[in-house]
Amino acid sequence: MKQLVFVVSDSVGETCELVVRAASIQFHENAIETLRIPFVEDEQTIIDVVTQARAQQAIIAYTLVNEEHRALLMRLGKEHQVKTVDLLGDLLDVLSGQLKEAPREKPGLIYRLDDDYFRKIEAMEFAVKYDDGRDPRGLKKADIVLVGVSRTSKTPLSQYLALKRYKVANVPLVPESRPPEELFDLPAERCIGLIISPEKLISIRMERLKSLGLKPEADYAQLERINRELEYARGIYERVGCEVIDVTNKAVEETAGIILRHLEQSKDV
């Protein structure tokens, strides 16, 4: 079963989507699908969003700074039996009470157009452009290069690290396809090899096949095939001389933390 979540915001919606993704990690892979609806600034859009959510049996998670819009969305959700989650309103109310000050209700104040913001946007665009080995020229420009077989969380890790302002490229490993030569020319400390237990990878790949409507008996999810891929990956990691991280049962945030600590330690050497 997959649950659709509308991510609704009167700004770009990034904060709201991050919270939803953080929650989604606690469930099986691909359990939650998000649809971001940014820059919601009028009542008619809110009405339309609730109508669409009801039709698609979606949940609405929202970060709206305008009190009237929050109240309208909550009321319409109850009337149309659409589950809604206010990720900002309660905190604003508590802070307002403690500070004895009304919120400014101006969307997007967190996204000041400063150098830090632009670095994050640049890193996010980089992660998309150089995802899944699309262009090996990006490897030399990357702060971090993730390497691994299919379904070892390369893309989610790339996106998460991009939010930390790191330019990340990732390279998929398949025994039938030689990795780009650029990978072997990189400093080893910038490369991270991802490994996972065969049993966990079988489970993840079977779920993936089911979500695509394919038979779980496919070679992609068979133990012999997976063992061959993992052995091939270990050989590549040894040749590159990179740090290897076992992502079995690790959340994306946990793996990212290990990677960032490794980078810091590499600087000190």
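## A tour from helix to pocket

Start at Ile202. Leaving out residues up to four places away in sequence, Ile202 touches Ala221, Leu223 and Ile226 (contact means heavy atoms within 4.5 Å). You are looking at a predicted model, in which local features need pLDDT of at least 70 and side-chain atom pairs count only at pLDDT 80 or more, while totals for chains, interfaces and linings use all residues. Residues are numbered from 1 along each chain as its sequence is written, and side-chain values use heavy atoms, without hydrogens or water.

From Ile202 to Val94 is 108 residues in sequence and 46 Å in space, C-alpha to C-alpha.

**Stop 1: the sheet with E1**

Select E1, E2, E3 and E4. These four strands make an open sheet. Read across it and the order is E2-E1-E3-E4, with parallel pairing (strands pair if DSSP finds at least two bridges between them). Which strands stand at the edges? They are E2 and E4 (84-86). Each has a single partner strand, so one side of each has no neighbour in the sheet. From one strand to the next, the twist averages 20°.

Zoom in on E1 (residues 3-9). Six bridges pair E1 with E2 in the parallel sense. Show Val7: opposite Val7 is Arg36 in E2.

Next, show helix H2 (residues 43-56). H2 lies across E1, E2 and E3 (59-63). H2 runs at about 175° to E1 (axes are lines fitted to C-alpha atoms, for helices over the stretch in contact, and angles run from 0 to 180 degrees between N-to-C directions).

**Stop 2: the sheet with E5**

Select E5, E6, E7 and E8. Here four strands form an open sheet, in the order E6-E5-E7-E8, and pair in parallel. The edge strands, E6 and E8 (243-246), each pair on one side only. The average twist from one strand to the next is 25°.

Look at E5 (residues 144-148) beside E7 (residues 191-195). They run parallel and are joined by three bridges. Opposite Leu146 stands Ile192 in E7.

What is Arg239 in contact with, leaving aside neighbours within four places in sequence? Its contacts are Arg178, Glu181 and Phe184. Arg239 and Met124 are 115 residues apart in sequence and 29 Å apart in space, C-alpha to C-alpha.

**Stop 3: H6 against H9**

Show H6 and H9 together. They pack at an angle of about 65°, and their axes are 10 Å apart. On the H6 side, pick Pro156, Leu157, Tyr160 and Leu161. They meet Val252, Glu253, Thr255, Ala256, Ile259 and Leu260 in H9. The residues of this contact are eight nonpolar, one polar and one charged (Ala, Val, Leu, Ile, Met, Phe, Trp, Tyr, Cys and Pro count as nonpolar, Asp, Glu, Lys and Arg as charged, the others, Gly among them, as polar).

**Stop 4: the largest pocket**

Select Glu29, Asn30, Ser153, Pro156 and Val252. Of the 48 residues that line the largest pocket, these are the closest to its centre (on a 1 Å grid over the protein atoms alone, a pocket is an open set of points where a 1.4 Å probe fits, with protein on both sides within 12 Å along at least five of seven lines; lining residues have an atom within 4 Å of a point).

H6 gives the most to the lining of the largest pocket: seven residues. Other elements that give two or more include H1 (14-24), H5 (115-129) and H9 (252-268). By class, the lining holds 19 nonpolar, 15 polar and 14 charged residues.
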